[in-house]
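Thank you all for coming; I would like to take a few minutes to walk through one structure with you. Please have a look at it on the screen before I start.

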Amino acid sequence: MSTSPRSLSRSPGRSPSRSPGRSPARRLEETDEIQLERLYKPVFVLKPSSIKCSEGQTARFDLKVVGRPMPDTYWFHNGQQVVNDYTHKIVIKEDGTQSLIIVPAVPQDSGEWTVVAQNRAGRTSVSVDLSVEVCGEAEEHHSEAGHSG
């Protein structure tokens, strides 16, 4: 009688003797996976772009980021975190678009600006450059500015 090796190799490890749902540990893993599926790493659907402007003008970075849960965004200028203050306004619209508005822009605002979007699923960042050019004839314009209403 000849036993074909194929029929022998079929049995080991193939038969599902343990039912998958029985152990509590297994079930926990499954719910974790379901929760993870619902989390989305932040994604920039609108990225800010680098800007060149003159001193005293308005510099504005627009962006839109999506993710689940909704990511928090943080701005950094040359590595220092930026907060809302007199010259820096962080505006978030209802549709999720965000703007960082720098008015008036000064030469100290030049450099690398980074926006970091972070949620439980991860973090994403985008860096842009702002160069604010000093007006050479600032003093001459000064007297004229006084007359214009």
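This is a predicted model: local features need pLDDT of at least 70, side-chain atom pairs count only at pLDDT 80 or more; totals for chains, interfaces and linings use all residues.

Let me begin with a question: are phenylalanine 61 and tryptophan 75 buried or exposed? Phenylalanine 61 is buried, and tryptophan 75 is buried as well, where buried means under 20% relative accessible area, exposed means over 50%, and partly exposed lies in between, with a 1.4 Å probe and protein chains only.

Residues are numbered from 1 along each chain as its sequence is written, and side-chain values use heavy atoms, with hydrogens and water left out.

Now to the sheet. Four strands make up an open sheet, in the order S1-S3-S7-S6, with antiparallel pairing; strands here are DSSP runs of E with at least two residues, numbered from the N terminus, and two of them pair if DSSP finds at least two bridges between them. Strand S1 (40-46) and strand S6 (88-92) are at the edges and have a single partner strand each, so one side of each is left without a neighbour in the sheet. From one strand to the next, the twist averages 25°, with axes being lines fitted to C-alpha atoms and angles running from 0 to 180 degrees between N-to-C directions.

Going through the pairings, S1 is joined to strand S3 (residues 59-68) by four bridges, and there phenylalanine 44 has valine 65 in S3 as its bridge partner. S3 and S7 pair over six bridges, with arginine 60 opposite isoleucine 101 in S7. Five bridges then join S6 to strand S7 (residues 97-102), where isoleucine 90 stands opposite leucine 100.

Let me return to the aromatic residues. The structure holds two aromatic pairs, counted when ring centres of Phe, Tyr and Trp (its six-membered ring) lie within 6.5 Å, with planes under 30 degrees apart called stacked, over 60 edge-to-face and the rest tilted. Phenylalanine 61 and tryptophan 75 have ring centres 5.8 Å apart and planes at 25°, so this pair is stacked. Phenylalanine 61 also pairs with tryptophan 113, at 6.2 Å centre to centre and 40° between the planes, which is tilted. Phenylalanine 61 lies in strand S3 and tryptophan 113 in strand S8 (residues 111-119), so that pair ties together parts 52 residues apart in sequence. Together, Phe61, Trp75 and Trp113 form one aromatic cluster.
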